[in-house]
Amino acid sequence: MNEKTLAVLEKLIAVCREGEEGFQLAADEVKSSELQSLFLGYSLQRSRLSRDLEEAASALGRAAATRDGGAARTWMAPEAAESRDEQAVLSECERGEEAALAAYAAALEETELPPTVRELITAQATEVKSAHAVIRGRRTRFAPEENK
C-alpha cells in the first residue's frame, strides 16, 4: 500500500510543481495586472499543494525529495513567449489545468489510498477544479473582440 500511495503522491507533487512553474511563467508573460495577480496566486497555491503532498509522503516514510518529479510537460515553453497574447497564455494555462485535473482523477481511482491521503487529494482536486473554472471564464473575458 505504501509504495502505491507514495507513487500517487510523487506524481501529484510533480504535477503541482509544474503548475507552480507554469503559472509563474504565465504571470511573467501577460500584461494584464489582473491576470498577473491571478497567475501568481495560483503559483503560490500550487507551491502549498505540493508542500502538503510532500508532508503526506514523508509521513508514509518517503525519503528526502528531489525537485524534479519527472512529470510530463503540460505547460507552455518559454521560447515561444513573444508570440503569445493573454488569450494564448490563458489557453495554455487551461490545458495545464486539464492535465492536472486528469492526474488528480487518476490518483483518486487508486483504491488503496489511506483515508487521510484520499481526503487531502480530494480537497486539492476541488481547488484545482475551481482554478480551472476561473481560467476558463477568463478566456472568455479576454477573448479578442471579433470572437465575442
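Me: Leaving out residues up to four places away in sequence, which residues does Q45 touch?
Reply: This is a predicted model, so take the contacts as the predictor's version. Neighbours up to four places away in sequence don't count here. What remains for Q45 is a pair of residues, E127 and A131.

Me: Where does Q45 sit, and is Q45 buried or exposed?
Reply: Q45 belongs to helix α2. Its relative accessible area is 12%, and the cut-off for buried is under 20%. Because 12% falls under that cut-off, Q45 in α2 counts as buried.

Me: How are α1 and α3 oriented, roughly parallel or roughly antiparallel?
Reply: Helix α1 covers residues 2-29 and helix α3 covers residues 86-108. Their axes lie 10 Å apart, and the packing angle is about 170°. Angles over 145 degrees count as roughly antiparallel, so α1 and α3 come out as roughly antiparallel.

Me: Which residues of α3 meet α1?
Reply: On the α1 side, the contacts come from V8, K11, L12, V15, C16, F23, A26 and E29. Across from them, the α3 residues are V89, C93, E97, A100, A103, Y104 and A107.

Me: C16 and C93 both turn up in that contact set. Are they buried or exposed?
Reply: C16 has a relative accessible area of 1%, and C93 has 0%. Buried means under 20%, so C16 and C93 are both buried.

Me: How many disulfides does the model have?
Reply: A disulfide is a covalent bond between the sulfur atoms of two cysteines. To be counted, a pair of cysteine sulfur atoms has to be within 2.5 Å. By that rule the number of disulfides is 0.

Me: Among contacts between residues at least 6 apart in sequence, what share join residues at least 24 apart?
Reply: Contact here means heavy atoms within 4.5 Å. Of the contacts between residues at least 6 apart in sequence, the share joining residues at least 24 apart is 79%.

Me: Which helix has the lowest mean pLDDT?
Reply: Across the protein, pLDDT averages 88, and 82% of the residues score at least 70. Among the elements, α2 (residues 33-59) has the highest mean, 97. The lowest mean, 95, goes to helix α4.

Methods: Residues are numbered from 1 along each chain as its sequence is written. This is a predicted model: local features need pLDDT of at least 70, side-chain atom pairs count only at pLDDT 80 or more; totals for chains, interfaces and linings use all residues. Side-chain values use heavy atoms; hydrogens and water are left out. pLDDT is the predictor's confidence in each residue, from 0 to 100. Helices (H or I, at least four residues) and strands (E, at least two) are DSSP runs, numbered from the N terminus. Buried means under 20% relative accessible area, exposed over 50%, partly exposed in between (1.4 Å probe, protein chains only). Axes are lines fitted to C-alpha atoms, for helices over the stretch in contact, and angles run from 0 to 180 degrees between N-to-C directions. Angles under 35 degrees count as roughly parallel, over 145 as roughly antiparallel, 65 to 115 as roughly perpendicular and the rest as oblique.
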